[in-house]
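Here are a few friendly notes to read alongside the structure. Keep it open and find each spot as you go.

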Amino acid sequence: MTARAEPRSGRALLLVLPALLPVLVVVGAALVSAVLLSLGLTPLVGVPRLSLDAWRAAAPDLGTSTRLSLAIAAGSTAVAAAVGLALALATTAAVRRSRLLATLSALTVPVPHLVGAAGMGLLLADAGFLPRLLGIAPGDWPALVGGRWWVAVGAEYAWKESAFIALVVAGVLSTRAASYAETAALLGAGRWARFRHVTLPLAAPALASAAAVSFVYTLGSYEVAALLGRPYPEPLPVIAVRLFTSIDLAARPQAAAVAVTTSVLGLVVVLASLRFLRRLAAEQ
């Protein structure tokens, strides 16, 4: 069985190689360039020399920005995973509702995050549509946009990414969940037992994969946090773009240091997700 699995995995790798190779080349070149710039080896001004000055200059903000970025990504991904799983279960449970929910999810996915952020700002701002609809004065409305808890930022990511997660999980459940659940029901399993022992194990790999993609995307996304967030503290992508677009060319290495930090965090999450999926596959 192992000898048969190895040729299949090699064939699968060859099939994805044409799409994977350009991504590895582009991302690898960008990462190498950022690392060299952050270490002072490819400066825009001055003489190249190995130095940690850029890391020392960025260090005071790195800790706070890292914790903030991880909190935003973790919170919005948790909500998106819960809502996406519920939507996927709903789309695979009833034929009539499934078409409507699947259509709504499919329409949500291609909406750009920048457009979604603008819409969320118009909805949740103190003079936005929601407080006007509820008849609440701007002074009595909580600071959901630009406030302390980054509510509008998390809500936008959760809304957009829940549609993506729902489509991925529903695609898996629609092919196998019904037959397994019917078999379990014939054997006397109740609704909760079917969900716990049949539906959830079937959905777990797709749910974990989609949640990992959503987490990494949110961790490195710039536009939503820049539009709906507070001026300070800044998430990692926002501070990286601000430093990179500064008129002070000496700030470019600091921007590269922040970008490298974000990339390392994303890589750690990807490796942890792959390890979790491998262990999940072994248990199943």
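1. Start with Trp192, which counts as exposed in this predicted model. Its relative accessibility is 59%, and the cut-off for exposed is over 50%. Phe195 has a relative accessible area of 23%, so this residue is partly exposed.

2. Trp192 and Phe195 both belong to helix H7, which covers residues 191-220. Because they are 3 residues apart there, about one helical turn separates them.

3. How many aromatic pairs are counted? The count comes to 1 aromatic pair. It is formed by Trp192 and Phe195, whose ring centres are 5.7 Å apart. Their planes meet at 35 degrees, so the pair is tilted; under 30 degrees would have counted as stacked.

4. Another ring to look at is that of Phe244. The charged end of Arg252 sits over this ring, 4.4 Å from its centre.

5. Now turn to helix H4, made of the 12 residues 113-124. From first C-alpha to last, H4 reaches 16 Å, close to the 16 Å expected at 1.5 Å a residue. Which residues of H4 are buried? They are His113, Gly116, Ala117, Met120, Gly121 and Leu124. Viewed down the axis of H4, these buried residues fall within an arc of 140 degrees, so they line one face of the helix.

6. Finally, find Ser38 in helix H1, which spans residues 2-38. Is Ser38 buried or exposed? With a relative accessible area of 2%, Ser38 is buried. Leaving out residues up to four places away in sequence, Ser38 touches Ser51, Ala54, Trp55, Pro253, Ala256 and Ala257.

Notes. Residues numbered from 1 in each chain as written. Predicted model: local features only at pLDDT ≥ 70, side-chain atom pairs only at ≥ 80, totals over all residues. Heavy atoms only, no water. Helix = DSSP H or I, 4+ residues; strand = E, 2+ residues; numbered from the N terminus. Expected span 1.5 Å × (residues − 1). Buried < 20%, exposed > 50% of the residue type's maximum accessible area, 1.4 Å probe, protein only. Arc of directions from axis to C-beta. Contact = heavy atoms within 4.5 Å. Phe/Tyr/Trp six-rings, centres within 6.5 Å; stacked < 30°, edge-to-face > 60°. Lys NZ or Arg CZ within 6 Å of the ring centre and 35° of its normal.
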